[in-house]
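Student: I would like to learn how to read a structure like this one. Where do we start?

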Amino acid sequence: MRRPQLIVFAKVPRPGFVKTRLTPPLSAEQAALVYEAMLGDVLELTDAFARDRGLERVLAFTPAEAVGAMLPRTPPGYRLQAQRGLGLAERMANAFAECDAAGAPWALLRGSDSPGLGGEHLEEAIDRLEAGAELVLTPDSSGGYAMIGLREAQRMLFELPMSNDELLVRTIDLAREQGLDVGVTKPTFDLDRVTDFAQLESLPAEETSDRCPRTVQIISELRESGVL
């Protein structure tokens, strides 16, 4: 049997392709720098956690032709895997189906724009999966989820509209209607809009220095430059 998988879903940090809701006040180039900082933080923290727990690390990226751009940004030990599907929901469903096909006993999939999601979130999600939960979700402040864990692929969960402030509740309701055992971890937040920066800056310094030093640094530089 394969090891459990810890998957980071990411985009290539290309201006105009990532974090478009940060513009304005940021330029497309500045928004891409913020995303690249978040991605670096997320990959480093996830890598350290997965190595400690003996998990397989996967970077699932889009677009598929960006593999050359993603390679130098990825710590050694990750398996790079292009996302497959037209929309985010389909690509996530396919990632879990690929885990099933590989024989992984369970998988956790996290986004790359939740720098506040730390080791305690990952630990809690794993504990719930190993205790028998079939679905585990980490809520984010927008009403969706920043991380999802499954023991088996459940394609119907990804047939719900993704950009919806009721996504978390609707996913839980659908899962329970299907008889799934659902676990929910402590919440976190995504950095989608400039107003979200305040949530990151409200975290204790010891947390941000461990989880997301690059992200804190780039936001500080933008404030010092007068952009924010």
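Tutor: Start with burial: a residue counts as buried when its relative accessible area is under 20%. Keep in mind that this is a predicted model.

Student: Is Asp113 buried or exposed?

Tutor: Asp113 is at 17% relative accessibility, so it counts as buried. Asp113 is found in the loop between strand 4 (107-110) and helix 4 (119-130).

Student: Which side chain does Asp113 join in a polar contact?

Tutor: A polar contact needs N or O atoms within 3.5 Å. Here the side chains of Asp113 and Lys19 are joined at 2.9 Å. Leaving out residues up to four places away in sequence, Asp113 also touches Met38, Phe189, Asp190, Leu191 and Asp192.

Student: Now a strand residue. Is Ala60 buried or exposed?

Tutor: Ala60 has a relative accessible area of 1%, so it is buried. Ala60 is found in strand 2 (residues 56-62). Beyond its neighbours within four places in sequence, Ala60 is in contact with Ile7, Val8, Phe9, Ala10, Gln81 and Gln83.

Student: How do I check the length of helix 3?

Tutor: Compare the expected span with the distance between the end C-alpha atoms. Helix 3 (residues 88-102) has 15 residues, so at 1.5 Å a residue it should span 21 Å. Its end C-alpha atoms are 21 Å apart, which agrees.

Student: What do the buried residues of helix 3 pack against?

Tutor: They pack against strand 1 (5-11), strand 2, strand 4 and strand 6 (145-150). The buried residues of helix 3 include Ala89, Met92, Phe96 and Cys99.

Student: What comes just after helix 3?

Tutor: Gly103, with a positive phi of about 85°.

Technical notes: Residues are numbered from 1 along each chain as its sequence is written. This is a predicted model: local features need pLDDT of at least 70, side-chain atom pairs count only at pLDDT 80 or more; totals for chains, interfaces and linings use all residues. Side-chain values use heavy atoms; hydrogens and water are left out. Helices (H or I, at least four residues) and strands (E, at least two) are DSSP runs, numbered from the N terminus. Buried means under 20% relative accessible area, exposed over 50%, partly exposed in between (1.4 Å probe, protein chains only). Contact means heavy atoms within 4.5 Å. A polar contact is a pair of N or O atoms within 3.5 Å; within protein, one must be able to donate a hydrogen and the other to accept it, and residues adjacent in sequence count only if both atoms are side-chain atoms. The expected span of a helix is 1.5 Å times one less than its number of residues.
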